[in-house]
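Please open the model in a viewer and keep the sequence panel beside it.

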Amino acid sequence: MSEDQNYRGGQGQVVEAETFRDSVGTMEQSGKRRWVFPKKPSGKFTNYRTIVSVFLLALFFAIPFIKINGNPFLLINILDRQFFILGQPFFPQDFFILALGAITSIIFIILFTVVFGRIFCGWICPQTIFLEMIFRKVDYLIEGDRNKQMKLERQEWDAEKIWKRALKYFVFLIISLIITHWMYMYIVGYKEVFHIMEQGPFMNFSSFMVMIIFTAAFYFTFAWFREQVCTLVCPYGRLQGVLIDKQTINVYYDFKRGENRSKWRKGEDRTAEGKGDCIDCNQCVVVCPTGIDIRDGQQLECVNCTACIDACDEVMVKVGLPKGLIRYATEDEIEKEIPFKFTNRMKAYSAVLLLMVGFLGFLLSNRGVVEAKFIKPAGSTYFVRDGNITNIYNYTFLNKSTKDQLVTIKVIEPQHGKIKLSGEEKIILKKDQITKGTVNLSFPENEIKLSKQKVKIGVYDPSGKMLDSFETSFEGPFKIQF
């Protein structure tokens, strides 16, 4: 039996894939949920994750109040069809750009997963950040660390358990309310949220019900469902199964160095006795927020949170063994001692990603600042007066820029066309708004040779630069050509 085969099964040995297991780490074999009480982690990677989480949480709470050129930094108002990304307005007409941006993001996630595995889940995912950096902190603050939480769980419903659970769940409810209100700011803006709060629930019953529903969803997720979002619901966890290979960087247990496991005895020569560096202290298991044993190999539930790395490194330092028994590595690095390399698959994903980003940048830079349309009203026709044939058009101007635009309308072709507005010759387009009106377009009778003729109308800024053009049809009297 080869060395690799020797670590594929049996007690204390590595199972290569999750397909060898009958249940996820948070469920018993019977199907009953196994509640996870992770020990409070500490160490280098935990400190790094805390810094990243604080930064991302600060962004989450600050972004609704940030404006660029008077526009929200980020606003996704589906109901009113208002979209702002990085202060730039997007409209339904720009949906194809947003769709392309979403596809580009997916390709980036695929590339990121192929190279770094599920690191997004442990470091950046909002589910992990809210759970581990906010709600789990409340657990530790009110109920204590792992052992105290387990003791409280087994305890009868006495005064201590009642007030601790009541206080914890009340704090969870308040936090869920706060998160819901901030999430709603990303939809309607912070001013509207404050306005709704001032008016009270009965003046804005629909908004009130939306907030109640989302608060209940957040409360359910973070008070009870918790890590099962990652193990049972999240599609990204399933996606990683087909993207990760032996060249992907993940959190791995070095089974070659760690096996055979044995308890630590002071002064022993573990190498001579055929023992590995793993002292079977189980600390990597008790700190895991999804309840798995990383020594069983790469598993679906592993979110690459690095808690097991910190726990193992701390133990290794105490017993005088080298750190890195659990570390970021590739499977090939562990099994075959082959260092990480940028594979052809990674290069292909990178090339596609660069092309998509370049094309997306081109579309963003060339989407124009004004979009114009000239449409004939339904049922309207031409009229002839003073030797001119006139058609009426309804115009719609969409100002996509971050400032007001002063524009004029001119006929591009055919020549000798005249524009007459119902008001001034120049039109002021408010930023991020649609301007509508009516315009008369006239041509000398001898210019119109057909009963329906193509005309092109341009919209210009004060410097004479054409901002947009629109081709429409012009109706005239029917003429028999000989």
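The expected span of a helix is taken as 1.5 Å times one less than its number of residues; helices (H or I, at least four residues) and strands (E, at least two) are DSSP runs, numbered from the N terminus. This is a predicted model, in which local features need pLDDT of at least 70 and side-chain atom pairs count only at pLDDT 80 or more, while totals for chains, interfaces and linings use all residues. Residues are numbered from 1 along each chain as its sequence is written, and side-chain values use heavy atoms, with hydrogens and water left out.

**Domains**

Begin by colouring 22-65 together with 117-336 as domain 1, and 370-475 as domain 2. These bounds come from an automatic or database domain assignment. The C-alpha centres of domain 1 and domain 2 are 60 Å apart.

**Helix 5**

Next, select residues 126-143, which form helix 5. At 1.5 Å a residue its 18 residues should span 26 Å, and the end C-alpha atoms lie 24 Å apart, which agrees. Centre the view on arginine 136, where helix 5 bends by about 30°; the bend is the angle between axes fitted to the seven residues ending there and the seven starting there. Buried means under 20% relative accessible area, exposed over 50%, and partly exposed in between (1.4 Å probe, protein chains only). Just after helix 5, glycine 144 adopts a positive phi of about 95°.

**Loops around helix 13**

Move to the loop between helix 12 (255-258) and helix 13 (283-286), where asparagine 260 lies. The peptide bond leading from glutamate 259 to asparagine 260 is cis, with omega near 0°. Aspartate 280 is located in the loop between helix 12 and helix 13 as well, and its phi is near 55°, a positive value in a residue other than glycine. Aspartate 280 is partly exposed, at a relative accessible area of 28%.

Now select threonine 306, in the loop between helix 13 and helix 14 (307-319). Although not a glycine, threonine 306 has a positive phi of about 75°. Is threonine 306 buried or exposed? With 0% relative accessibility, threonine 306 counts as buried.

Finally, display the open sheet whose four strands follow the order 13-11-15-16 with antiparallel pairing. Strand 13 (426-429) and strand 16 (466-475) are its edge strands, each pairing on one side only. The twist averages 35° from one strand to the next, with axes being lines fitted to C-alpha atoms, for helices over the stretch in contact, and angles running from 0 to 180 degrees between N-to-C directions. Two strands pair if DSSP finds at least two bridges between them.

Strand 11 (residues 405-413) and strand 15 (residues 452-460) run antiparallel and are joined by five bridges. Valine 411 stands opposite isoleucine 457 in strand 15, and glutamate 413 has lysine 456 as its bridge partner there. Glutamate 413 is also joined to proline 414 by a cis peptide bond, with omega about -5°. Proline 414 belongs to the loop between strand 11 and strand 12 (418-421).

Strand 15 and strand 16 form a hairpin with five residues between them, and glycine 464 in the turn has a positive phi of about 95°.
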